[in-house]
Amino acid sequence: MKILVAVKRVVDYAVKIRVKPDKSGVETSNVKMSMNPFCEIALEEALRIKESGRAKEVVAVSIGPAQCTDTLRTGLAMGADRAIHVEYPGTLYPLSVAKIFKALVDAERPALLLLGKQAIDDDCTQTGQMIAGLLKWPQATFASKVVLDEGNKVATVDREVDGGLETLSLDLPAVITTDLRLNQPRYATLPNIMKAKSKVIKKLTPQDLNVEIRSDLEVVQVTEPPQRQAGVILSSVDQLIDRLKNEARVI
Amino acid sequence: MKYLTAASRLLRHSSRNLSDLGSNLQFFCSIRPSSSCLSYPSLRSYERFIQDDCFHRKFTLKNICFGGSGVGILHSLARFQSDGIRTHHRNLASTASIPERNKSFATINSDDISYFNKVLGGRGVVQDEEKLDDANTDWMRKYKGSSKLMLQPRTTQEVSQILDYCNSRCLAVVPQGGNTSLVGGSIPVYDEVIINVGSMNNILSFDKVSGILVCEAGCILENLMSFLDNEGYIMPLDLGAKGSCQIGGNISTNAGGLRLLRYGSLHGSVLGLEVVLANGTVLDMLGTLRKDNTGYDLKHLFIGSEGSLGIVTKVSILTPPKLPSVNLAFLACEDYLSCQKILVEAKTKLGEILSAFEFLDINAMDLVLKQLDGLRDPLPSSKHNFYVLIETTGSMESHDKEKLEAFLAQAIESGLLTDGVVAQDINQASSFWRIREGVPEALLKEGAVYKYDLSLPPEKIYDLVEEMRQRLGTAANVVAYGHLGDGNLHLNISTPQYDDNILAKIEPFVYEWTSKQRGSISAEHGIGLMKANKLHYSNSAETVQVMAAIKKVLDPSGILNPYKVLPTSVLSQS
């Protein structure tokens with residue numbers, strides 16, 4: 001069985017984000033970029049499935065500018081067998097990513113597609129769901145536990161939903177997006193980092209896959225949330241009522 | 001309390017509140033004392049007795065009059081310690097070496113209090129017992145003073161007035177910052193007045209072009225780091241206590257830390273100081289010049305003199321720019337010789353991008369993983385004898401990664417490394433650092449610890465560790481870690497409780513061994529109270545005489561941080 005894992009290169013989780021002065025987006029130059037934490041979890045799950053003997057190959061896929069190869073190298077260092085980089089320098093929205101993945105899945109024919117539940121830069125939480133829709137594959141999102149049956153035909157997935165946990169049974173091939181509590185990703189060990197150097201990263205472009213990137217969305221402005229106002233200590237109840245009435249206008 | 005940042009709150013919760021009587025009672029109720037003949041109620045009252053009296057200067061084991069069961073109580077308490085409770089205990093041996101209270105020092109009276117109230121405008125005069133309790137006890141919970149007064153000045157002028165007054169009244173004082181000293185340097189020995197500069201925490205100016213930061217001495221290191229982070233700079237020093245320690249204290253102790261390898265010591269980064277002398281004179285040496293060869297460079301006297309020559313009130317420090325590419329590798333070696341060879345290789349192959357080189361041995365690693373939550377072994381596949389942490393900082397990610405990977409590939413091929421991981425994002429890097437920075441905390445949680453901070457020739461460092469293991473056998477856990485890149489060993493001997501017999505096997509052997517290698521008995525922690533009469537191990541008699549002469553010039557009445565740094569015998573001679 002082959003597993004395809006989507007990994008995204010995003011601003012590192014621990015970095016303090018700053019908005020660009022022209023409000024067109026977030027400052028990404030000279031900022032540490034790493035693999036999206038949920039994608040790490042997805043890759044870790046794929047590797048565990050492979051280590052249990054259920055899968056033969058784990059392929060890491062990333063779509064984006066040239067530097068995505070760094071992220072893919074991390075994926076290879078964690079243990080993925082090979083990687084695919086679809087190079088596209090511009091902004092990508094989930095629907096375009098989903099269309100590219102559909103084309104890739106049609107070419108690679110994996111039995112399982114794993115993604116992180118959302119990317120920490122845009123928090124869209126849409127890509128996995130859209131891919132499943134385009135492929136007409138079953139999907140289980142926010143997975144906190146994944147168990148494959150003997151014949152690799154059915155996946156039993158626990159999902160984290162608002163009310164608690166929901167268990168779904170999916171026929172493979174399927175799309176699963178991973179949530180935080182699924183596993184704890186491994187570190188990239190030195191021997192694996194060295195081995196990763198010789199692993200293949202195939203380069204493709206959206207044209208190669210016959211996908212036209214066009215977006216129905218346009219980012220108009222990106223601003224920081226309003227600064228938290230300092231609290232004010234008032235000296236009497238009358239003052240409080242006056243403020244609530246005239247300034248805050250809540251009574 | 002302003003200096004209680006998240007980090008210090010964590011420290012407090014782990015090491016202090018656990019010994020808080022209230023929480024202890026709950027714990028005791030769930031544990032049966034195994035072979036002790038004491039029942040719960042009596043145990044509680046005995047524990048209360050020991051807690052109160054434990055820190056009394058004149059307390060020794062012999063004075064407990066429980067019909068000889070004194071040692072038994074300590075032993076049974078020690079059994080509970082393995083469950084994670086830390087009861088108060090003292091380094092009993094230090095009673096012998098603590099000098100008598102200097103009779104020439106006055107004691108506080110109500111006139112003094114009203115004067116201080118006048119100077120500080122009614123706020124900043126602390127006589128509250130609980131707050132004083134904290135200020136009187138050091139981080140290691142090894143020493144406790146009995147000061148009845150803490151002052152919290154807000155301006156240099158106030159510090160000057162306070163010192164002028166104390167000097168005229170011959171009232172001894174202790175300058176205090178974050179109170180994170182590991183050698184009892186920041187707490188009173190007797191009833192010295194505590195002058196806590198924590199309220200002087202303003203950042204005065206920052207020059208974005210030169211990177212020169214001017215701030216007051218009470219600024220917490222971590223806060224300065226956050227401020228500089230916003231500006232694209234970093235502090236030239238970094239240490240585990242950054243959440244609580246203040247820059248004035250860092251400078252007064254010439255703190256070293258994790259990045260000394262790259263950015264050098266504070267003697268190089270500090271450009272200027274404003275210091276208040278014992279008689280209230282304000283020495284304005286707050287230059288912001290990189291080069292200034294006009295006369296004697298006095299600020300160097302104050303850097304590292306641990307508050308015994310003057311109180312630092314303002315600091316001007318050169319900060320390096322924050323470089324974007326930081327890489328961290330956590331590596332494993334089989335023997336100490338490989339660690340040294342890796343150090344040499346790292347210095348030549350990584351060159352200018354090397355920013356930290358730390359090591360821990362297997363005992364340190366085991367302890368950290370055992371005592372601290374939320375940490376996992378980066379190399380779980382097998383146990384390794386030595387772990388090395390290498391950090392690189394540079395301006396170009398691709399260049400640094402290439403260099404690091406080439407260095408690591410060669411190290412593995414030549415057998416210097418047996419395994420290793422490279423952090424792939426900032427979170428992984430923080431967890432690796434947490435392992436190294438968490439060793440002191442883990443040691444504190446484990447029980448009693450005899451802590452030594454030595455500078456030795458790098459090839460000799462581990463010889464000492466192995467000799468100590470031979471000397472102590474199974475009686476103690478000898479844990480070693482430190483700044484291998486600087487030749488600085490942190491030798492820690494962990495025992496369930498403090499024991500004179502064990503101490504006798506450690507001291508003076510450790511100091512004599514170090515002295516023979518012409519090493520330093522205190523690489524970065526300073527002398528404080530703990531090593532005040534051990535100076536001769538690392539300094540000639542003539543050198544110590546000159547130190548005493550300088551002390552006499554700057555502080556004739558000896559009111560600044562008495563009983564510390566210089567041996568009393570030398571001071572009384574001059």
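Trainee: Which residue lies over the face of B:Phe509?
Mentor: B:Arg471 does, at 3.9 Å from the ring centre. Keep in mind that this is a predicted model.

Trainee: And the helix with B:Phe509, which of its residues are buried?
Mentor: That is α21(B), residues 509-516. B:Phe509, B:Val510, B:Tyr511, B:Trp513 and B:Thr514 are buried there.

Trainee: What covers them?
Mentor: The cover includes two strands, β14 (448-455) and β16 (488-495) of chain B. It also includes the helices α19 (461-472) and α20 (500-506) of chain B.

Trainee: What about the backbone just after α21(B)?
Mentor: B:Arg518 takes a positive phi there, about 55°.

Trainee: Back to charges over rings. What sits over A:Tyr187?
Mentor: B:Arg376 lies over its face, 4.3 Å from the ring centre. A:Tyr187 also belongs to a cluster linked by ring pairs, with B:Phe330, B:Tyr387 and B:Phe432.

Trainee: How many aromatic pairs over all chains?
Mentor: The count is 17. Take B:Phe116 and B:Tyr165: they are edge-to-face, 5.4 Å centre to centre, with 80° between the planes.

Trainee: Where do those two sit?
Mentor: B:Phe116 is in helix α6 (residues 110-119) of chain B, and B:Tyr165 is in helix α8 (residues 156-169) of chain B. They are 49 residues apart, so the pair links distant parts of the chain. B:Phe116 is buried at 0% relative accessible area. B:Tyr165 has 15% and also counts as buried, since the cut-off is under 20%.

Trainee: How is the pair of B:Tyr190 and B:Tyr563 arranged?
Mentor: Their ring centres are 5.3 Å apart and the planes are at 80°, so that pair is edge-to-face. B:Tyr190 is in the loop between β3 (173-176) and β4 (193-196) of chain B. B:Tyr563 is in the loop between α22 (541-554) and α23 (568-573) of chain B. The pair therefore ties together parts that are 373 residues apart in sequence.

Trainee: Is B:Cys333 buried or exposed?
Mentor: Buried, at 0% relative accessible area. B:Cys339 is buried too, at 0%.

Trainee: Now chain A. Why call β10(A) largely enclosed?
Mentor: Five of its five residues, 174-178, are buried, so the rest of the structure largely encloses the strand. A:Ala174, A:Ile176 and A:Thr178 point one way, and A:Val175 and A:Thr177 the other.

Trainee: Which strands pair with it?
Mentor: β6(A), residues 112-116, runs parallel to β10(A) and is joined to it by five bridges. A:Leu113 stands opposite A:Val175. β7(A), residues 139-148, also pairs in the parallel sense, over three bridges. There, A:Ala143 is the bridge partner of A:Thr178.

Trainee: What's the strand order in the open sheet of chain B?
Mentor: β5-β6-β9-β7-β8, with antiparallel pairing. β5 (203-207) and β8 (282-285) are the edge strands. The twist averages 10° from one strand to the next.

Trainee: And what packs on that sheet?
Mentor: Helix α9(B), residues 221-231, touching β5 and β6 of chain B. Its direction makes about 30° with that of β5(B).

Terms used: Residues numbered from 1 in each chain as written. Chains lettered and ligands numbered in written order. Predicted model: local features only at pLDDT ≥ 70, side-chain atom pairs only at ≥ 80, totals over all residues. Heavy atoms only, no water. Buried < 20%, exposed > 50% of the residue type's maximum accessible area, 1.4 Å probe, protein only. Helix = DSSP H or I, 4+ residues; strand = E, 2+ residues; numbered from the N terminus. Pairing = 2+ DSSP bridges. Axes fitted to C-alpha atoms, helices over the stretch in contact; angles between N-to-C directions. Contact = heavy atoms within 4.5 Å. Phe/Tyr/Trp six-rings, centres within 6.5 Å; stacked < 30°, edge-to-face > 60°. Lys NZ or Arg CZ within 6 Å of the ring centre and 35° of its normal.
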